[in-house]
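Dear colleague,

My notes on what was found in it follow directly after.

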Amino acid sequence: MSIRFHSASGQRNNRYLLMRHGYSQANAEHLIISTPARGLAGYGLSAAGQVQLDELLTNWRWPSPTRVLHSDFLRTTETARRVADHFGLGLQPEPRLRERDFGSFEGLPDSRYQEVWAHDARSPEHCEYGVESVASVAARMQGVIASLEQTLRDETILLVSHGDPLQIMLTALEGRLLSEHRAREPLLPASITMLD
């Protein structure tokens with residue numbers, strides 16, 4: 001799946017490909033795995049996620065990345081490693097690309113996301129259930145691009161992250177209200193969005 005995103009924020013020094021990790025064991029088990037305690041060493045890619053990446057790399061239709069940065073969760077690390085190996089690149093873990101912390105819903109069925117998203121629609125600052133606020137996610141995700149813009153030029157950078165953080169960042173880059181991040185079409189596993 002390919003989505004092209006045209007930013008109103010002006011010309012960037014680099015080109016960015018935003019990638020959601022492939023279908024994971026947490027996706028397959030319908031679980032919320034959002035903390036480093038569980039996500040760094042467990043719940044990597046599922047067999048279906050491996051197949052997704054095989055197909056993605058066989059039919060790659062985006063610019064070739066020159067750098068790969070990724071959330072240090074296992075599912076994003078495994079995704080990033082497959083792409084980096086395909087292009088002969090190294091990996092750079094970036095903790096700011098981590099999954100949104102879903103607080104007390106950690107380890108629970110993913111149907112509970114809806115409760116958090118209902119609060120998000122009312123306030124991007126909320127921390128109900130101990131979740132990381134939308135505003136906090138937006139700040140750290142945009143911070144990654146801001147840092148890269150200050151230090152690099154003319155690179156094509158693949159950022160491998162998670163559904164909610166990527167959707168929140170895209171909402172922020174569009175200049176939309178952060179409370180509307182779930183109004184965007186959800187990003188599918190192993191999908192790529194190119195920032196133009």
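M19 is buried, its relative accessible area being 0%; here buried means under 20% relative accessible area, exposed means over 50%, and partly exposed lies in between, with a 1.4 Å probe and protein chains only. Please note that this is a predicted model, in which local features need pLDDT of at least 70 and side-chain atom pairs count only at pLDDT 80 or more, while totals for chains, interfaces and linings use all residues. Residues are numbered from 1 along each chain as its sequence is written, and side-chain values use heavy atoms, with hydrogens and water left out.

M19 belongs to strand β2. Helices (H or I, at least four residues) and strands (E, at least two) are DSSP runs, numbered from the N terminus. Leaving out residues up to four places away in sequence, M19 touches L53, L56, T79, V83, L158, L159, V160, S161, L166, A190, S191 and I192, where contact means heavy atoms within 4.5 Å. Between the C-alpha atoms of M19 and D196 there are 15 Å, although 177 residues separate the two along the chain.

**The chain as a whole**

The protein chain contains seven helices and six strands. Read from the N terminus, their order is β-β-α-α-α-β-α-β-α-α-β-α-β. The chain has a radius of gyration of 16 Å, close to the 16 Å that the globule rule gives for 196 residues, so it is as compact as a globular protein of that length. This radius is taken over C-alpha atoms, and the globule rule is 2.2 Å times the number of residues to the power 0.38. The C-alpha trace spans about 40 × 40 × 25 Å along its principal axes.

Of the 196 residues, 52% are buried. Among contacts between residues at least 6 apart in sequence, 74% join residues at least 24 apart. The accessible surface amounts to about 8,600 Å², and carbon and sulfur atoms account for 50% of it; such areas come from the Shrake-Rupley method with a 1.4 Å probe, and for residues only the protein chains shown count as cover.

The chain carries 20 positive and 24 negative side chains, and the centres of the two sets are 3 Å apart. Lys and Arg count as positive and Asp and Glu as negative, without His and the chain ends; each charge is placed at NZ of Lys, CZ of Arg, CG of Asp or CD of Glu.

**Nonpolar cores**

Which residues touch the most other members of the largest nonpolar core? They are L148 and L159, in a core of 22 residues. A nonpolar core is a set of buried Ala, Val, Leu, Ile, Met, Phe, Trp, Tyr and Cys residues joined through side-chain atoms within 4.5 Å. At least two residues of this core come from each of β2 (15-20), α6 (134-151), β5 (156-161) and α7 (163-173). Helix α6 supplies the largest share, seven residues. Another core, of 17 residues, lies apart from this one and has W60, V83, L158 and V160 among its members.

Beyond its neighbours within four places in sequence, L159 is in contact with Y16, L17, L18, M19, L69, L97, V144, I145 and L148. In α7, eleven of its eleven residues are buried. Just after α7, G175 has a positive phi of about 80°.

**Loop residues**

Most residues other than glycine have a negative phi. Y43, however, has a positive phi near 60°; Y43 sits in the loop between α2 (36-39) and α3 (47-58) and is partly exposed, at 23% relative accessible area. D154 also has a positive phi, near 60°. D154 is placed in the loop between α6 and β5 and counts as exposed, at 72% relative accessibility.

S71, in the loop between β3 (67-70) and α4 (74-87), is buried with a relative accessible area of 0%. Its C-alpha atom is 4.6 Å from that of R98, 27 residues away along the chain. Not counting residues up to four places away in sequence, S71 touches T76, T77, E94, L97, R98, E99, V160 and H162.

H126 lies in the loop between α5 (113-122) and α6 and is buried, at 8% relative accessible area. With residues up to four places away set aside, H126 touches R100, V116, H119, D120, V131 and S133.

With kind regards
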